[in-house]
Amino acid sequence: MTLQGVRWTADQVLALAPDDASRKAGSKLGSAGPWSEAGSSDEGTVWGLCRGSGSRPYQTVVDIADAGGPAYKCSCPSRKFPCKHALGLLLLWAASDATVPPGQAPDWAEQWVAGRRQRTAEKKAAGAAGSASGSADPEAARRRAERRAERITAGATELEQRLADLLRGGLAAAEQAGYGLWEEAAARMVDAQAPGLAARVRELGAIPSSGPGWPVRLLEECALLHLLDEGWLRREGLPDELAATVRSRVGLPVSADGPPVRDRWLVLAQYDTADAKLTTRRIWLHGADCGRTALLLSYGAAGRAPELALPVGLALDAEVSAYPGAGQSRAALGEQFAAPAPTRIRPPGVTTAQAAARYGEALRDDPWLESVPVTLKDVIPVPDGEVWQLVDAGADSALPLTPVARTRPGLWRLVALSGGAPVTVFGECGHRGFTPLTAWPESEGEAVTLC
Amino acid sequence: MIRTSAPVETPAAGAWEELVTTALLGTDRRTPPGGAPGRDAPSALLDAAAVQTVRRRAGLRPAPAAKRPEPAPADRRPPLPAAAARRLAVLLADRPGAAAGGRRSTMPDLMELLPQWLAAANARGYAAPPEALPALLDAARGRTDLRPAALAFAGPRALWLAKLNPDWRFALRATPGGGAAPHGPEDADRIRARWEEGLFAERVTLLTAIRARRPADARELLATTWATERAEDRLMFLDSLRTGLGPDDEPFLEQALADRSRNVRATAAELLSALPASALAARMAARAGACVAVDHTHATPTIVVEAPHECDAGMERDGVVPKAPTGRGERSWWLGQLLEAAPLRTWPARLGGRTPQEIVALPVADDWQGELHAAWCRAAVRQRDAQWARALLGPPSAPEAGGPGAVSLAERAKLLGTLNAAERADWVAGFIATHGLSEAFQLLGVCAVPWAAPLGRAVVDALNIARDAGSYPWSFSGVMGLAERCLDPAEASRLDGLLAVPDEAEDASPGAGGYWAEAFQRLVTTLRLRAAMAEELDAP
């Protein structure tokens, strides 16, 4: 495999940055000035020496060809990962051949890459051996699982009681009850080891202050929470697939046990959401041959970027395994056979009517589903009073954008890209509308991220 | 939420309303409809609501489309080369506010390079990448100095966008005619309509745009409504005649000399005085000539000045402001105005056939020199008279050029503006070679970018001398910042010798050598970056 002539875009490189400060610092280092002896190898290693404030330049090396996204090493003291030097080096590499010419990696870079690759191979071998032997004590594991199920059952039963009390007194009272009531209930669900229930309960608390129409939304969410409780309490009677969906919605840990599917996976979108404790990164992939859309999740502690980073618009030759449960998009990234590389693949698109129907169908498998990933073809962003729509170029139908999409700067990138002409847009389509994440111009052109 | 155009089942809508009402009131007050036997009321309500919720969501249909906006007009300019587009994204990503550093690091300040990048891209006629337009508009919104270049580069699609987003309304105002700048006679009706119905700002931009291309048309347009305009509007409109001012404008300006508003009269007089062949200029020349003469009774010929004793009605009509500002003598105030408005070319004949150089060199009696030379400076700038400017500037190596003299640095900077770029650069280079950098900042600001080779060399040499003298580089941070933006990137290699940290001399400021190396490092890095930017824009 050769990497020469296949460069990333600056956006793709900057997407790797752990925060805004690094993005800025990295940008500044992305010019030839501070760099010397930079180069790149056919095997996907990029290296260089960066002049800093100290007397010795920093040694920076990036392994582009690594499986879970690029791997970095830098002799600087930064705790950021990747550090600004790694970002700067990649920007330099992305910008031109001249400053990062092909060549033979110096010893210090070569040793690190070789060491890494050997460790990866060993880990893989060990992993293969480990899974063959199975878990240490299946009987103890079974007892642990049983105890946890009992606690969740107790939690779900208590939650049902709380919901019944709420409806007996009326939702109108919930506006006065305030946040504390729900926080306490959520804490009880955490104790019951049902994080999925806890998260839903916590969201209930925010609805009464969410503007006009809140009683409808509160009733909907209470009803769906009730449905999940009931689903858990009666899981024995459910079809296997639906039971698996209920278990994952309640928050039981599951592992991706689907058969590995090897494909050229196009990275459709990558975006982070953060709360006080956790940064969650969602990466949407599209399989060029299998046509499936898969969701990779990666987590980072609060304020830290999750480790997996796959720049939008690249494609990776890799295996992906689905998590159990009907209607679930979530998957795990398995072995990667080549580094992510730019591609001309675009996902096939549908109309707005087909997108809405697709969400409806997906609810059959998973009634708790908020949205489904969809690519809309030939749609035009159109202002509709205070809100925006995506209108089919060839029909009189449209999907409104979600409230969150309307506040993002990406909306204006989308509108600018379109200029009133049709574009292809990938995003999440659900009952609150459509959230655009990535767009492609009608004619040729690279993917533009909107999130 | 997506609107449901057709509920899955007709009674469902009613049933849902009923459920919501019951839920709001509580099942203790209202019995929910239906419900399976054996279920308590709240559970039955939740059962029914769950069914309805999933049904409502599954039955969602797209909404009817709103009215589509007119598509953006096509941008016929070629797209940026790929590397240049990436560079633009990086420059725009480096927005102020993110991680403001204290001490200037060795890294270039990218935002400072954006104006240059835009100018270069505009010079090559490239179109902006559509997805970059929001960031470009945001940058232009925050920095008015960036607006003309950013909006020119952003092109027609940016104006189309600006109509959709109130944050970018400035783009519609800043661009002549809100983007659709009128061309040709077929637009006469549109021009007339906008002139008569437009907002004030729109009318100013319209007038300015027309004046830039066809000065006479603009004047005629202004004349059609002149009598009915408000005084402050008349002032602004009159100001637009500065562009492309010519002898044809004289009748209109003469008429404005009789305007009701004093400010309008003053502006008209100022504009007329910039036309050396105008009747007003001739009248002023006669008045000024009466005040200045060469006295041969002294040992050396000396200029004697006799300031006017009164400001008569004629002077006032020609724009002389009678009331002096606080702290100024009335007579010298009137004199200054007469001298400033009189055509410079009449002086050699009046003062014994001397050249401007010889006139400036004459001694002036009774401390009038400062007043006299300052007024001539203003006249040279207003009349764009390079010969007089040269005379008043004097040789750059003259001791008074750098220190207190008849002509201040600010005046020198303005005088330099009347010279051509090469002469300007040579003069400033000569100035720096004699007087060093500490006074040069203002003068450097009027030099063309990139700096001509002799000027660049003078600046680098002076920086080098400052370093050897043992001062700290931040005493020169203003010049350093200018050098980063203005030095020709081809000079970068000449700086390589300055990057090393020198051995610390005993009398030097502690650590200065290291800081200087850092400052030069930053300078070189920025120059290399600028060279790379230019290369990227020239790539096929």
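E230(A) counts as buried because its relative accessibility is 14%, where buried means under 20% relative accessible area, exposed over 50% and partly exposed in between, with a 1.4 Å probe and protein chains only. This is a predicted model, in which local features need pLDDT of at least 70 and side-chain atom pairs count only at pLDDT 80 or more, while totals for chains, interfaces and linings use all residues. Residues are numbered from 1 along each chain as its sequence is written, chains are lettered from A and ligands numbered from 1 in the order in which they are written, and side-chain values use heavy atoms, leaving out hydrogens and water.

## Salt bridges

Over all chains, the structure holds 47 salt bridges, each being a side-chain nitrogen of Lys or Arg within 4 Å of a carboxyl oxygen of Asp or Glu. The buried residue E230(A) takes part in one of them, with R234(A) as its partner. The table sets this pair beside some others.

| Salt bridge | Closest N and O atoms |
|---|---|
| E370(A) and R57(B) | 3.9 Å |
| R234(A) and E230(A) | 2.9 Å |
| R382(B) and E340(B) | 2.6 Å |
| D259(B) and R234(B) | 2.8 Å |

The bridge between D259(B) and R234(B) links distant parts of the chain, for the two residues are 25 residues apart. D259(B) sits in the loop between α12 (250-256) and α13 (262-273) of chain B, whereas R234(B) belongs to helix α11 (residues 231-239) of chain B; helices (H or I, at least four residues) and strands (E, at least two) are DSSP runs, numbered from the N terminus. Both D259(B) and R234(B) are buried.

## Where the chains meet

In the interface, 72 residues of chain A are in contact with 65 residues of chain B, contact meaning heavy atoms within 4.5 Å. About 5700 Å² is buried between chain A and chain B, and carbon and sulfur atoms give 64% of this area; buried area is the accessible area (1.4 Å probe) that two parts lose on being put together, summed over both. The rule finds five salt bridges across this interface. On the side of chain A that touches chain B, the largest share, 11 residues, comes from helix α8 (residues 214-233) of chain A.

## A buried arginine without a salt bridge

Which side chain of opposite charge is nearest to R354(B)? R354(B) is buried yet has no salt bridge, and the nearest such side chain, that of E358(B), is 5.5 Å away; here Lys and Arg count as positive and Asp and Glu as negative, while His and the chain ends are not counted. R354(B) is placed in the loop between α17 (347-350) and α18 (356-361) of chain B. If residues up to four places away in sequence are set aside, R354(B) touches V294(B), H296(B), P301(B), P348(B), I359(B) and L362(B).

## Backbone details and the whole of chain B

The loop between α18 and α19 of chain B holds D366(B) and D367(B). Although D366(B) is a residue other than glycine, its phi is positive, near 60°, and D367(B), likewise not a glycine, has a positive phi of about 60°. D366(B) counts as exposed because its relative accessibility is 64%, and D367(B) counts as exposed because its value is 79%.

Another backbone detail concerns the peptide bond from V449(B) to P450(B), which is cis, with omega near -10°. P450(B) lies in the loop between α24 (441-444) and α25 (453-468) of chain B.

Taken as a whole, chain B has 27 helices and three strands, and buried residues make up 47% of its 540 residues. Among the contacts in chain B with a separation of 6 or more, 70% are between residues 24 or more positions apart.
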